[in-house]
Amino acid sequence: MSGSGTTAGDDPLQTAIWRLRSRGCWVDAAALLVPHAAVPAAALQRAALLVERCLFTGEGWAEAEEALRAAEAAAREDAERGAAACERGHLAYAATVLGVRDRVDEARSALGRAAALLEPTAPDRALLDFRRGLLAEHLSDSPESARAAYRRAHATATAHGQTLLLSFTWRHLAGLALREGEMAEARHGFGESLRIREELGYLIGTAPALAALAEVEPEPEATRLRAEATRLFRLLGGVPSWLAGQLTPLPPPSAPAV
């Protein structure tokens, strides 16, 4: 889930999935994979889409669990089992960080299992390291461990051309820099994250990137960025849901002329 469907060489199915996913239509994107559910990679991608929906909307937990169990059952090789375990850890992390249910032990256990199953040089290591960084930062309050994990993820994602994942590593490294008062570093990282998401057309991730950059830009640029984030947030139906508290609501649009 690091950018499938974003390059000219992708097949039509992946391109269609990307277009739906990038606009927050995860259920529709996952439905395209149902005919291929017996294929481990397709089963895992379907689960990953529905897990991402949970993280962005706080909804769809039962559907994500069902898809994830199917992906775990379809896995035959260690790499497939490791990728499924990584997704299991991410779902448990999402449930914990959004306050749905405390599943932090499950998240740590699943990501540890993924680390044991994935080869050290596997491309999936980038996503695994990034998610271990999330746990370290948000559930263990260990910024140094998080920074090390994000940097490993960033290096591996760069080596394997995982462009969308780079937008996440840039964003979270910038967040840690902001915590330490390193404004120039934070501004650069948030700016790179926004640039990548805009270039890829990752609409559901653009509003958070705009809001993050607004935190480190001076006025009047900060207000402009925040207003743009608010408009996009509303256009996408209030996704991601956790961004609502960070944005100043815009006045409702006037009734269209009939």
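These notebook entries record what I looked up in a predicted model.

**Entry 1. Cysteines**

I began with the cysteines. A disulfide is a covalent bond between the sulfur atoms of two cysteines. My search of the whole structure returned zero disulfides. C25 takes part in none, and the cysteine sulfur nearest to its own, that of C54, is 16 Å away. I then asked which cysteine sulfur is closest to that of C54. C25 is partly exposed, with a relative accessible area of 29%, whereas C54 is buried at 0%.

**Entry 2. Helices α1 and α3**

Next I looked up how helix α1, residues 12-22, packs with helix α3, residues 40-57. Their axes lie 12 Å apart and form an angle of about 10°. Angles under 35 degrees count as roughly parallel, and α1 is therefore roughly parallel to α3. On the α1 side I noted Q14, I17 and R21, which meet Q45, L49 and E52 of α3. By type, the residues of this contact are two nonpolar, two polar and two charged.

**Entry 3. L20**

I stayed with helix α1, where L20 is placed. Is L20 buried, exposed or partly exposed? Its relative accessibility is 25%, so L20 counts as partly exposed. Apart from neighbours within four places in sequence, L20 is in contact with C25, D28, A29 and L32. C25 is thus a contact of L20, although C25 is in no disulfide. I also took the distance from L20 to Q45, which lies 25 residues away along the chain: their C-alpha atoms are separated by 13 Å. Q45 is one of the α3 residues that meet α1.

**Entry 4. Helices α5 and α7**

I then turned to helix α5, residues 78-97, and helix α7, residues 125-139. The axes come within 10 Å and cross at roughly 25°, and the two helices are therefore roughly parallel to each other. I recorded the crossing as left-handed. From α5 the contact is made by C86, E87, H90, Y93, T96 and V97. From α7 it is made by L127, L128, R131, L134, L135, H138 and L139. The residues of this contact divide into eight nonpolar, three polar and two charged.

**Entry 5. L118**

I looked up L118 in the loop between α6 (104-117) and α7. L118 is buried, with a relative accessible area of 4%. Leaving aside its neighbours within four places in sequence, I found L118 in contact with A79, G82, A83, D124, R125 and L128. Of these, L128 also belongs to the contact of α5 with α7. H154 is 36 residues from L118 in sequence, and the C-alpha atoms of the two are 17 Å apart.

**Entry 6. Backbone**

Finally I checked the backbone. Where are cis peptide bonds found? One joins E219 and P220, with omega about 5°; P220 lies in the loop between α11 (203-214) and α12 (221-235). Another joins V239 and P240, with omega about 0°, and P240 is in the segment after α12. I also noted D141, a residue other than glycine with a positive phi, near 50°. D141 is in the loop between α7 and α8 (143-159) and is exposed, with a relative accessible area of 57%.

Note on methods
Residues are numbered from 1 along each chain as its sequence is written. This is a predicted model: local features need pLDDT of at least 70, side-chain atom pairs count only at pLDDT 80 or more; totals for chains, interfaces and linings use all residues. Side-chain values use heavy atoms; hydrogens and water are left out. A disulfide is a pair of cysteine sulfur atoms within 2.5 Å. Buried means under 20% relative accessible area, exposed over 50%, partly exposed in between (1.4 Å probe, protein chains only). Axes are lines fitted to C-alpha atoms, for helices over the stretch in contact, and angles run from 0 to 180 degrees between N-to-C directions. Helices (H or I, at least four residues) and strands (E, at least two) are DSSP runs, numbered from the N terminus. Angles under 35 degrees count as roughly parallel, over 145 as roughly antiparallel, 65 to 115 as roughly perpendicular and the rest as oblique. Contact means heavy atoms within 4.5 Å. Ala, Val, Leu, Ile, Met, Phe, Trp, Tyr, Cys and Pro count as nonpolar, Asp, Glu, Lys and Arg as charged, and the others, Gly among them, as polar. A crossing is left-handed if the near helix is turned anticlockwise from the far one by less than a right angle, and right-handed if clockwise.
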